[in-house]
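Open the model in your viewer and keep the sequence panel beside it. Each stop below says what to select and what to look for.

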Amino acid sequence: MTDVTLEKTTLFVAIADKQARKKIVEALSSYYLCAEFDELSSLLEAVGEAKPALIICHQSLVVETQSLVLSDIKAKSPDSKVLITGPSRPIEIQIVALKHGARGYFDQTLPLTKLHEALKIIFYGEVWVERHVISGLIDEIAEVPVISDEQRAGLESLSPKELEVSEQVSYGATNKMIAKTMNITERTVKAHLTTTFQKMGIPDRLSLAIFFRDLR
């Protein structure tokens, strides 16, 4: 069944390997309006014109120019969200992708159903990475927190449940893990997070995780 929230969403798939690219497009074409690219130059040209919501880019296309490519995409289409895909990589490589502006790193050995899940997650403003990568990124960029008056007021307005969810997010827990630990539904976890983002003026899960990690 088509996901009605995404069926008109434009997805660019940039992978040099034709067979791999076709396989992904065939699997996702019922969910997205897909366009294929086998090289960076044509991708970057099209990004400026079409401003796609989502972009899948294979790491082999940006292995030495990842920072420049992601910056160029951001300049041409600020709202486009990029998911880097490729073979399993060390945590350091995945962290670099996030720091350069990607919304996640997808291991190409995972099933394509997981790829659709990853795209939905980044479409709604979250990041797609393994739990230990989140923890590593938080540890790497954590610093002494500077809390604004607005953030302090937002923090004080959080309910005990919202605080508990936020704390678990800061340890890299997924919604499913949080729901099981707190004996609530994943839908309730998402509701707590949405309210927390609004109260704190925080844009996404990673920013929330870093904020609460810095408070520890």
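**Whole chain**

Start with everything shown as cartoon. This is a predicted model. The chain carries 12 helices and five strands. Colour by accessibility next: of the 216 residues, 44% are buried. Now think about contacts along the chain. Among those with a separation of 6 or more, 65% join residues 24 or more positions apart.

**The largest nonpolar core**

Select Leu43, Cys57 and Ile84. These residues have the most contacts inside the largest nonpolar core, which has 20 residues.

Show the two sets in separate colours.

Go back to Ile84 and display its surroundings. Leaving out residues up to four places away in sequence, Ile84 touches Cys57, Gln59, Val62, Gln66, Ala97, Ala102, Gly104, Tyr105 and Phe106.

Move to Ser80, in the loop between α4 and β4. Is Ser80 buried or exposed? Its relative accessibility is 10%, so Ser80 counts as buried, the cut-off being under 20%. Show its side chain. It reaches the backbone oxygen of Pro52 at 2.4 Å. The side chain of Ser80 also makes a polar contact with the side chain of Ser77, at 2.5 Å. Beyond its neighbours within four places in sequence, Ser80 is in contact with Lys51, Pro52, Ala53, Ile55 and Ile73.

Pick Lys51 from that list. Lys51 sits in the loop between α2 and β3. Check its backbone: phi is positive, about 50°, although Lys51 is not a glycine. At 46% relative accessibility, Lys51 counts as partly exposed.

Select Asp204. The loop between α11 (186-200) and α12 (205-215) holds this residue. Asp204 is buried, with a relative accessible area of 10%. Which side chains make polar contacts with the side chain of Asp204? One is that of Arg103, at 3.3 Å. Another is that of Ser207, at 2.9 Å. Now set aside neighbours within four places in sequence. Asp204 is then in contact with Arg103, Gly125, Glu126 and Phe197.

Gly125 lies in the loop between α6 (112-123) and α7 (131-141). How far apart are the C-alpha atoms of Gly125 and Asp204? They are separated by 5.9 Å, while the two residues are 79 residues apart along the chain. Gly125 counts as buried too, at 16% relative accessibility. Leaving aside neighbours within four places in sequence, Gly125 is in contact with Lys81, Arg103 and Asp204. Arg103 therefore belongs on screen with this pair: it is in contact with Asp204 and with Gly125.

**Helix α11 and its partners**

Hide the side chains and show α11 with helix α10 (residues 175-182). Their axes come within 8 Å and cross at roughly 105°. With 65 to 115 degrees as the range, α10 and α11 are therefore roughly perpendicular to each other. Now bring the side chains back. From α10, the contact uses Asn175, Lys176, Ile178 and Ala179. From α11, it uses Glu186, Val189, Lys190 and Leu193. These residues divide into four nonpolar, one polar and three charged.

α9 and α11 pack at about 95°, with axes 9 Å apart. This pair, too, is roughly perpendicular. Lys161, Glu162, Val165, Ser166 and Val169 of α9 make the contact with Val189, His192, Leu193, Thr195, Thr196 and Lys199 of α11. Here the division is four nonpolar, four polar and three charged.

**Last stop: Asn183**

Finish at Asn183, in the loop between α10 and α11. Its phi is near 60°, a positive value in a residue other than glycine. Asn183 is exposed, with a relative accessible area of 71%.

Conventions. Residues are numbered from 1 along each chain as its sequence is written. This is a predicted model: local features need pLDDT of at least 70, side-chain atom pairs count only at pLDDT 80 or more; totals for chains, interfaces and linings use all residues. Side-chain values use heavy atoms; hydrogens and water are left out. Helices (H or I, at least four residues) and strands (E, at least two) are DSSP runs, numbered from the N terminus. Buried means under 20% relative accessible area, exposed over 50%, partly exposed in between (1.4 Å probe, protein chains only). A polar contact is a pair of N or O atoms within 3.5 Å; within protein, one must be able to donate a hydrogen and the other to accept it, and residues adjacent in sequence count only if both atoms are side-chain atoms. Contact means heavy atoms within 4.5 Å. A nonpolar core is a set of buried Ala, Val, Leu, Ile, Met, Phe, Trp, Tyr and Cys residues joined through side-chain atoms within 4.5 Å. Axes are lines fitted to C-alpha atoms, for helices over the stretch in contact, and angles run from 0 to 180 degrees between N-to-C directions. Angles under 35 degrees count as roughly parallel, over 145 as roughly antiparallel, 65 to 115 as roughly perpendicular and the rest as oblique. Ala, Val, Leu, Ile, Met, Phe, Trp, Tyr, Cys and Pro count as nonpolar, Asp, Glu, Lys and Arg as charged, and the others, Gly among them, as polar.
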